[in-house]
Amino acid sequence: MGHAEKKRCDMTDRREANNSSAGQVDHPDPKIKVRELTIHYGKVRVLNNLSLDIQKNEILSVIGPANSGKTSFLRSLNRLNDFEPNIRMSGSILLDGRNIYKDLDAEGLRKRVGMIFALPIPLPRSIHDNITYGPRLAGDHDKSALDQLVEDSLKAAYLWDEVKDRLRSSALKLSGGQQQRLCIARTLALKPEVILFDEPCSGLDPISTAKVEESMMELKKNHTIVLVTNNTKQAARVGTRTAFFLMGDLVEIDSTEKIFTAPADSRTNDYIIGRFG
Amino acid sequence: MAKLRKFKEAIIEKLIFLSGIASIVFVALIFIFLLREGISVLRSTSLGAFLGGKFWYPISDPPKLGILPLILGSLLVTLGAIAMAVPLGIAAAFYIAEVAPSRLRNILKSFVEILSAIPSVVLGFLGITILVPFLKRFLDLPTGLTAFAGSIMLAFMAMPTIISISEDAINAVPREYKEGAIALGATHWQTLHRVIIHGALPGIIAAAMLGIGRVFGETMAVMMVTGNAAVIPNSLFEPVRTLTATIAAEMGEAAKGSPHYNALFAIGIVLFVISFLINLTADLFLNRSRRR
Ligand SMILES: Nc1ncnc2c1ncn2[C@@H]1O[C@H](COP(=O)(O)OP(=O)(O)OP(=O)(O)O)[C@@H](O)[C@H]1O
Ligand SMILES: [Mg+2]
């Protein structure tokens, strides 16, 4: 991974950077601290000097029109961008005060910062195997502990009751909504501290969406959550705070109520009432 | 209007059907022709004596038409080639698809294409002038014209097929699978061997089979470097003669309708059947990899 090495050096540590641009000054100890994050793909800049904090036990909703850099931002938080061939990054991202590109190894980071994708892609194996996949990769093979983990994870993802009688059948037989909750359970099995959701409900019907949102609200109690969504109503429903991205810029970040009732920037208002995007 | 379109579609459908049928008909005709010319070999020898006979003296009187040395020659050269080309080719495919930085990847891919474009005579020519003397000197053999030299030549010929088809299979593994594993904390290497090999395996096996099929029927380069001695080989480092080389070398001098002539056609049948089986296996695996 030659390019990953290079990027790591670009990511300068700026712990002392000014906090006031980050929306909330009253939390001295954020879970994730992003400072002056800029991302280029080749010559195209997709994120522009972004600074924000993500607090413990909050759901930070990220909204914005297509191509505003929401996914790129999310993928930089667990270093999934490491595999992009011509990406360039600068700025810093701190998890509990430690620079994720310099002080942490990528695999360890990804276990602490889990990711749920828009398209749920279970492995073509059983439900049980899907959930134990991550722990087994990490070298955990204790059978009874794994069985317990499967149950706990499925319960936390609000899927246990629907699948408890067929844990050994193929995950591909589940419905789309169930597959998405299985992917959530699979991530939870790694006991992450932060969970990143990238439009997790874009392919789901309203009932499945409600179930996913319900599990997010529950997960918030013990996790820090970042939710990228194209659905502003969803952001309003579940977000503790909401950030509005536009063309790679962070326009505004504030409490969800403020963003949806009295945004400071007129562009935020335009987006929310559906004038563009 | 709708009627006209229906009519057009019916015609196009029929044409496509005909071209599909044509290829079947050609294969059938070739096989019938081979069968008609080759089957008469059973008038001068039994099936067992033909396939299992240890001596190929087609112009002695009476001729001895045992093709076992030729079958073994072909198998030995092919197996040697497989042993080299399959592991190397698959490893190269993985390197190109998953590890190499993009500049190097493009360079390597063009090299593979160039390799596949070299005519087999030219490879054979390089084999005779460079490889054979080198083997003789380096391994201290009585002659460098050996099954081993043929295997090396054939490995060169099979590699481009194996590399490019395996690479396609690796690239066809959905990006979402890889990212899913990576997001669950898998290392790059774990992702390679748990997710990507698993997903690409049928395609990789098909690639190997097609590579094998490609070299099994190869004639020119093998004929030039293997020494062409129709005796049962004891090791890779002895001269051998393959089925294909036998047909190519002797067809010109066999009198039409003679037992020798018929035997060469019968060898053609044997080649046809073996190649068919190899390709059939490859097809089965390719279909399996596409269905996912
Ligand atoms: N791997 C990549 N290589 C090059 N450009 C990319 C890559 N990924 C994203 N981009 C570009 O970066 C810009 C931001 O993309 P991103 O996916 O972050 O937007 P987004 O806000 O998530 O959009 P959407 O709402 O459509 O998901 C887009 O213009 C996109 O084309
Ligand atoms: Mg996106």
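**Ground rules.** Residues count from 1 along each chain as its sequence is written, chains are lettered from A and ligands numbered from 1 in the order in which they are written, and side-chain values use heavy atoms, with hydrogens and water left out. As the model is predicted, local features need pLDDT of at least 70 and side-chain atom pairs count only at pLDDT 80 or more, while totals for chains, interfaces and linings use all residues.

**Entry 1, the interface.** I started with how chain A meets chain B. The contact (heavy atoms within 4.5 Å) takes 21 residues from chain A and 16 residues from chain B. I then looked up the buried area, meaning the accessible area (1.4 Å probe) that two parts lose on being put together, summed over both. The two chains bury about 1900 Å² between them, with 64% of it on carbon and sulfur atoms. Ile121(A), Tyr133(A) and Leu137(A) supply 29% of what chain A buries against chain B, more than any other three residues.

In one salt bridge, the side chains of Glu84(A) and Arg175(B) meet at 3.0 Å, N to O.

On the side of chain A that touches chain B, the elements giving two or more residues are H3 (106–112), H4 (127–137) and H7 (176–188) of chain A. H4(A) has the largest share, four residues. Helices (H or I, at least four residues) and strands (E, at least two) are DSSP runs, numbered from the N terminus. By class I count eleven nonpolar, two polar and eight charged residues on that side; Ala, Val, Leu, Ile, Met, Phe, Trp, Tyr, Cys and Pro are nonpolar, Asp, Glu, Lys and Arg charged, and the others, Gly among them, polar.

I find 13 residues around ligand 1 (a heavy atom within 4 Å), and Asn67(A), Lys70(A), Thr71(A), Ser72(A) and Glu84(A) are the closest. Glu84(A) is also the residue that pairs with Arg175(B). Oxygen atoms of ligand 1 lie 2.9 Å from a backbone N or O atom of Asn67(A), 3.0 Å from one of Gly69(A) and 2.6 Å from a side-chain N or O atom of Thr71(A). The protein covers 64% of the 630 Å² of accessible area (Shrake-Rupley, 1.4 Å probe) that ligand 1 has on its own. Helix H2 (70–77) of chain A gives the largest share of the shell, three residues.

Most residues other than glycine have a negative phi, and most peptide bonds are trans. I noted Arg79(A), with phi near 60°, in the loop between H2 and E4 of chain A. In chain B, a cis peptide bond joins Asp61(B) and Pro62(B), with omega about 0°. Pro62(B) is in the loop between E1 (56–57) and E2 (64–65) of chain B.

Technical notes. Salt bridge = Lys/Arg side-chain N within 4 Å of Asp/Glu carboxyl O. Polar contact = N/O pair within 3.5 Å; in protein donor to acceptor, adjacent residues only side chain to side chain.
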